[in-house]
There are 2 protein chains.
Amino acid sequence: MHDSPFVNDVPAEEATAAWRRARAEAGCPERIPEAVVPVGDAVGRVTARPIWASRSSPVGDVAAMDGIAVRAADTHGASETAPLHLKADSYRVVDTGDPMPDGLDAVVMREHVHYAPPGDVAELLAAVPPYQHVRSIGEDVSAGELLLPEGHRLRPVDVAAAAAAGATELTVRRPPKVAVIPTGDEIVPIGSPPRHGEILDTNSLMLLAQAREVGCEAWAAPIQPDDAEIIGAAVRDAAAAADLVLLVAGSSAGRDDHTARVVAAAGSLAVHGVAVRPGHPVVLGTAGSTPVIGVPGYPVSAALTFDIFAAPLLAELEGAPPPHRPQVTARLTRKLPSVLGMDDWVRVRLGSVGGQIVATPLPRGAGVLTSLVRADGLLVVPSAVEGHRAGARVPVELLRRLPEIERTIVAIGSHDLVLDLAATALRAADPTLTLMSSNVGSLGGLVALRDGLCHVAGSHLLHPATGEYTLPYLDEMLPDRKPAVVRLVHREQGLLVPPGNPNGITGLADLAGGGLSYVNRQRGAGTRMLLDHELRGLEIDPAAVAGYAREEPTHLAVAAAVAAGRADCGLGIMAAARAFGLDFVPVAREPYDLVLDEESLDDPMLAPLWELLGSADFRASVEALGGYGTEETGHRIR
Amino acid sequence: MHDSPFVNDVPAEEATAAWRRARAEAGCPERIPEAVVPVGDAVGRVTARPIWASRSSPVGDVAAMDGIAVRAADTHGASETAPLHLKADSYRVVDTGDPMPDGLDAVVMREHVHYAPPGDVAELLAAVPPYQHVRSIGEDVSAGELLLPEGHRLRPVDVAAAAAAGATELTVRRPPKVAVIPTGDEIVPIGSPPRHGEILDTNSLMLLAQAREVGCEAWAAPIQPDDAEIIGAAVRDAAAAADLVLLVAGSSAGRDDHTARVVAAAGSLAVHGVAVRPGHPVVLGTAGSTPVIGVPGYPVSAALTFDIFAAPLLAELEGAPPPHRPQVTARLTRKLPSVLGMDDWVRVRLGSVGGQIVATPLPRGAGVLTSLVRADGLLVVPSAVEGHRAGARVPVELLRRLPEIERTIVAIGSHDLVLDLAATALRAADPTLTLMSSNVGSLGGLVALRDGLCHVAGSHLLHPATGEYTLPYLDEMLPDRKPAVVRLVHREQGLLVPPGNPNGITGLADLAGGGLSYVNRQRGAGTRMLLDHELRGLEIDPAAVAGYAREEPTHLAVAAAVAAGRADCGLGIMAAARAFGLDFVPVAREPYDLVLDEESLDDPMLAPLWELLGSADFRASVEALGGYGTEETGHRIR
C-alpha cells in the first residue's frame with residue numbers, strides 16, 4: 001500500500017487530475033500496447049503508427065472509361081466535317097481500369113467511336129487532348145504519402161484505402177481490457193427473481209455493455225461477498241489482466257468507504273468522492289500499475305461514472321480523442337433547482353414544439369435507471385449554478401439523434417396507459433415517430449400547453465362547480481388560444497385494494513372512519529381532483545383521511561403502494577389494478593381527453609395519432625386493458 | 001425473370017421509391033424476423049416488441065440510506081434541546097437497499113444517530129417525516145409500465161433497466177444478413193501485390209466493414225469471373241441466405257449493364273442508374289424475395305452507395321430510424337462548380353478559422369478513395385444547383401466530431417512532406433489535435449490566408465525580380481494584415497529522373513533541345529514559379545519544353561509520373577524522388593515558410609506546432625527524409 005494522499009469530494013476536473021497524477025506515480029502505462037493485425041480486422045481500432053502509402057493507386061496510368069486508347073497527337077484536326085480514321089494498329093480497345101498501352105495517352109469513350117469499313121478502322125469526329133479519360137498513377141494515393149496519422153480510429157473507408165495503398169497489416173492499439181468486479185452480499189446474478197432485499201446485478205451487465213460499446217474487451221468476475229480480503233484479492237487478480245478495473249460497490253451508500261479501503265490496500269487511493277450528482281461516491285485509484293475505479297452501486301451513478309471517468313481514460317489509453325456527444329440548446333419546461341457545490345447531471349426528455357427544442361427534466365434519483373432510459377439528453381448544471389427557471393435556455397448533450405427528437409409528439413399532462421399503448425403502436429408503424437408522455441398531472445399539462453411546451457395535454461380535470469371535465473378550464477387557462485379537444489377514452493376510476501379486498505371496502509365512504517390508510521396522487525392530478533370532489537360530496541374532511549398527504553405521481557405507483565401493503569387503498573384506473581393483481585372497487589366513469597391548439601390538428605406529425613385512434617384494432621387493444629370505453633375515442637369534442 | 005419496367009438515371013428519391021415498389025411486388029419481407037435473446041446479448045439490437053415491466057424496481061420499499069429505520073410518528077417532538085430516545089425494539093439498523101422492516105416508515109441517516117447508554121438506545125435530535133430516505137416500491141419502474149417501445153435500438157442502460165424490470169430475455173430483430181459478391185476478371189484478393197491492370201478487392205473489405213458497423217452479419221463470396229451465368233448463380237445463392245445482396249461491379253463503367261442484366265434475370269430490375277455523383281451506375285432490384293444492390297466498382301461510389309441505399313434499407317428492415325449524421329454550416333474556401341441534374345456528393349475537409357467552420361472541397365473523382373478518408377464532412381450539391389461561389393455558406397454532414405474539427409490547424413498552400421511529418425507527430429503527442437494540410441500551391445495559400453480561410457499558409461514563392469522568397473508577396477497580397485513568417489525548412493529542389501538517370505540529365509538546360517519530356521506543376525505552385533524563373537535565366541522558351549502543359553498537383557504526383565515512364569523528368573523535392581526510388585539532379589535550394597497572422601502566433605492551438613519545430617527529434621526526422629536543411633526551422637523571419 002502506498003501512502004499517497006487522496007482528495008475528498010472534489011470537482012470532477014480536480015478528481016481527474018489527481019487520478020492522472022496517481023496513475024503516473026504508480027507507473028500505469030500511458031498507452032495500450034501495439035498489435036499488428038490484418039487490415040480486415042483493423043476497423044474500429046486506433047492507429048498506433050502513421051500509415052504511409054507503400055504503393056501508388058492506381059499503380060500506373062489506367063483508362064478511366066471504356067473505349068479506345070489513342071495517341072492524342074494522332075487525333076489533331078478531327079471534326080464532324082472532317083472525320084479522322086485510325087487504323088487498327090494505332091489504337092487499342094480498353095475497358096475502364098485497363099493499363100494504358102505503351103505510347104498511347106488518351107481515351108475516346110466507346111459512345112464516340114464509330115467503326116468504318118473494313119470494320120476495324122475507328123472513326124473520330126473530334127480531336128482529343130492528351131490524358132483525356134486517363135487516371136494517372138497515384139491519382140488516389142502516391143507511394144510515400146501520409147495516408148493517416150497515429151491516433152486515428154479506423155473506419156471502413158480507411159482500411160480499404162490502406163489496402164489500396166499497399167497495406168496488408170496495420171499497427172494499431174489492441175482493444176483495451178476492462179474487468180468488472182461486482183460486490184455485495186445482497187447482489188444476486190440476473191436470471192432468477194430476486195427476493196425482497198436482494199438486488200439484481202444489473203450494473204455488471206450495463207458496465208460490460210458500456211465497455212464493449214466503446215470497443216473494449218470486457219469481462220465480469222463473479223459477485224464478491226462484502227469481505228475486504230476477498231475483494232482485495234479479486235482486485236489484484238483483475239489488475240494483473242486488465243487495463244482498467246471497475247470495482248462495483250454494493251447498493252449501500254457506505255460501501256464506498258469499503259471500496260476506498262480496498263483500493264488503498266491494493267495500490268493507491270487518489271480520490272474518494274467527486275462533487276458530481278448523481279454518482280458522487282466515486283473512488284479513483286490504482287492497483288499495481290492498473291487504474292481502478294470504485295463505481296457507486298446506484299445504477300444511474302454507475303452509468304454516469306463510466307461516461308465521466310472510464311470512457312475518457314479508455315480513449316486516452318488508445319491514443320484517441322475522447323468521446324463526445326453533440327449539443328443543442330433547449331428550453332426548460334419546468335423549474336430546475338440544483339444544489340450548489342455539485343455538478344448536477346440531469347436527464348431530460350426532448351421534443352421540438354413550435355420550432356424550439358424543449359427539455360423536460362426526468363426524476364433525478366440515482367436509483368431511477370429508467371430516467372436514463374427515457375432521457376433524450378443530459379443537462380449539466382455546474383456546481384456554481386443554483387438551478388434554472390422554467391423557460392430558461394440551457395445546453396443539452398444529445399443522447400438521441402436530432403431528427404428523432406424532431407419527430408416526437410410531446411404529450412404532457414395526466415398519465416394514462418392508453419398513451420403508452422399509442423406510443424408503441426405509432427413506433428411499430430413508423431420507426432421514426434415517437435410519442436413521449438410526461439406525467440405532471442392534468443393541470444400541469446394545460447399549463448405546459450399554454451406555455452408552448454407540448455403538442456398535446458392529456459387531461460381528465462373535473463370542474464367541481466359544473467361536474468364537467470376539462471372543458472370549463474380551457475377558457476380560464478387558455479383565453480388567448482383556440483384549443484381543440486379530442487376524446488381519448490372513457491375510463492373507470494376506482495379504489496385499488498389488495499386481492500380479495502380484505503377490508504371489504506365498498507367505496508370512498510369507507511374512508512370516513514379513519515381506520516383505512518389511503519395513498520394519494522399529487523396536487524394538480526385529475527384523480528386528486530376527483531377524490532376531493534367525491535369527498536366533498538360525502539362530507540368527509542380530507543384531513544381525516546389517513547395517508548391523504550402521501551403523494552404518488554402515477555396510477556401505477558399508487559397500485560404499487562397498495563400491493564406493497566403500504567396503504568389499504570388508493571384511487572386509480574382499473575388497468576393499474578390489473579398490472580399489480582389488485583382488486584378494483586369502481587367509483588366513477590370519466591372522460592380522458594387530449595387538448596391541443598386547433599392548428600395542431602393539421603400538423604402532419606400528429607396525423608398518424610388521429611389515424612390510430614380511429615382504428616378498430618387499437619380500440620380493441622384498449623378495451624382489452626380493462627376499465628376503458630372507446631365509443632368516443634378519436635372524436636373531436638371541441 | 002420478371003418483366004417489370006425499370007427506371008434509368010433518376011433522382012435518388014425516385015430510385016428509392018421505385019425500388020420499394022419492386023421489393024413489395026417481389027414479396028420482400030418488410031421486417032427481419034424476431035429472435036428471443038438473453039438480455040446480455042441484446043445490446044445494439046432493435047426491439048421487435050415493446051418491453052413492459054414485469055416487476056417493479058425496487059420490488060418493495062427499501063432504505064435509501066445507511067442508518068436506522070424508525071416509525072416517523074415515534075420521532076415527533078425530537079429536537080436538539082429535547083433529544084428523543086428510541087429503545088432497541090422500536091428501530092432497526094438498515095443499510096441502503098435493505099427492505100423497510102414491517103411497521104417502520106422512515107430512515108434516519110447513520111450520521112445523525114447517537115447511541116446513549118446502555119449502548120443500544122438511539123438518540124435523535126430531530127423529528128423525521130414519514131418516508132424520509134425511503135425508496136418506494138416502483139420508484140424506478142412499476143410493474144405494467146411501458147419501458148421501451150418496439151423499434152428501439154437497445155443501449156447498455158436499456159438492457160440493465162429491462163433486467164431490473166424483470167426481463168431475462170428480450171424479443172429483438174436478429175442482425176440483418178448482408179452478402180457481398182465481388183465480380184470482375186481484373187479483381188484480385190487483398191494480400192499479394194497486384195500486377196499492373198489488376199485491381200485489389202478493397203471494395204469487399206470496405207462493404208463488409210460498413211455492414212458490420214451498422215450491426216449486420218456480413219460475408220463475402222469469392223470473386224466471380226465476368227460471366228453472367230456464374231454471377232447469376234452466385235446472386236441466387238446469396239439471396240437465399242441473406243437479407244440484402246451487394247453485387248459489386250468490376251471497375252469498368254460498362255459493367256453496370258452486365259450487373260443490370262444479371263439482376264433482371266435473377267428477379268427484377270427496378271433502377272438502372274441514379275442521378276448521384278459519384279456513384280450513378282447504381283443498380284437496384286430483387287432476386288427472389290431478397291433486395292439486391294448493384295454497387296459500382298469505383299470505391300467512392302461503392303462507399304456512398306452503401307450510405308445512400310443500403311444503410312437506410314437495413315435500418316428499415318430492423319424497424320429502426322434511418323442512420324443520421326449531424327450537420328453544420330460551413331464557408332467554402334474555394335469555388336465549387338457542379339453539374340446540373342445530379343446530386344453531387346462532395347467530400348470536404350473542415351476546420352474552424354476565426355470562429356467559423358471552413359470547408360475545403362477534396363478531389364472529386366469516384367476513384368479517389370483518399371478523398372473520403374480525408375473528408376471531415378459531406379456536402380451535397382442538389383441536382384438543381386450549379387455549384388457554389390468561394391465563401392458561400394453551405395450545409396455539411398459531419399464525418400468527424402465537432403470538437404476535433406475545432407482542434408484542427410488548417411494549413412493551406414504548398415505541399416511539403418514535412419507538414420505530413422508534423423501532422424503525425426502532433427497527433428501522436430495529443431490525440432485531439434489535427435494538422436490538416438490542403439495543397440493548392442503557395443499562391444493559393446496566401447489567398448486563403450487573406451480570406452480568413454486558414455491558420456497558416458505554406459509558401460516557397462520565388463519573387464523573380466528580387467530573387468527573394470515569399471516576403472515580397474506579403475505587402476502586395478496582404479496589405480491590411482500583419483503577417484508573421486516562420487521558417488519551416490530549407491529544401492533542395494531538383495529534377496526527378498528515372499533510376500540511373502538514363503538520359504544523363506545534368507540540369508534544366510537539358511530541356512532546351514525539346515528531346516526530353518517534362519511533367520510540370522500547376523499554376524500558382526512555387527515549384528512552377530521556380531521553373532519559370534530558371535528557364536528565363538537559361539533563355540529557354542517554356543513552349544519549347546515538351547510536357548510543360550501537363551500539370552500535377554504535388555511533388556509526389558510528379559515523381560509518380562516519372563516513375564511510370566510518362567515523363568523523363570520533373571522538378572520536385574528530394575523526398576519525393578526517394579519515395580519513388582528515383583534519382584535526383586539538384587537545381588536550387590529554397591526556403592519553405594509558414595505565413596500566418598501575427599496574432600495567431602499566440603493561438604494556444606498552434607503552440608504545440610511551434611514547440612515541435614524547436615525539437616531536436618523532429619529536426620532529425622526531417623533531415624532523415626533527405627534534401628532538407630533545418631538550421632532555421634522554427635525561426636520567425638518576419
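Analyst: The axes of helix α9 (residues 417–429) of chain B and helix α15 (residues 607–614) of chain B come within 10 Å and cross at roughly 110 degrees. This is a predicted model, in which local features need pLDDT of at least 70, side-chain atom pairs count only at pLDDT 80 or more, and totals for chains, interfaces and linings use all residues. Residues are numbered from 1 along each chain as its sequence is written, chains are lettered from A in the order in which they are written, and side-chain values use heavy atoms, with hydrogens and water left out.

User: Why are α9(B) and α15(B) called roughly perpendicular?

Analyst: Angles of 65 to 115 degrees count as roughly perpendicular, under 35 as roughly parallel, over 145 as roughly antiparallel and the rest as oblique; the crossing is at roughly 110 degrees, and α9(B) and α15(B) are therefore roughly perpendicular to each other.

User: Which residues of α9(B) and α15(B) meet?

Analyst: With contact meaning heavy atoms within 4.5 Å, B:A422, B:A425 and B:L426 in α9(B) meet B:P608, B:L609 and B:L612 in α15(B). The residues of this contact divide into six nonpolar, no polar and no charged, where Ala, Val, Leu, Ile, Met, Phe, Trp, Tyr, Cys and Pro count as nonpolar, Asp, Glu, Lys and Arg as charged, and the others, Gly among them, as polar.

User: What makes α3(A) roughly parallel to α6(A)?

Analyst: Helix α3 (residues 202–213) of chain A and helix α6 (residues 299–318) of chain A pack at an angle of about 20 degrees, with their axes 10 Å apart, and that angle makes α3(A) roughly parallel to α6(A).

Conventions:
Axes are lines fitted to C-alpha atoms, for helices over the stretch in contact, and angles run from 0 to 180 degrees between N-to-C directions. Helices (H or I, at least four residues) and strands (E, at least two) are DSSP runs, numbered from the N terminus.
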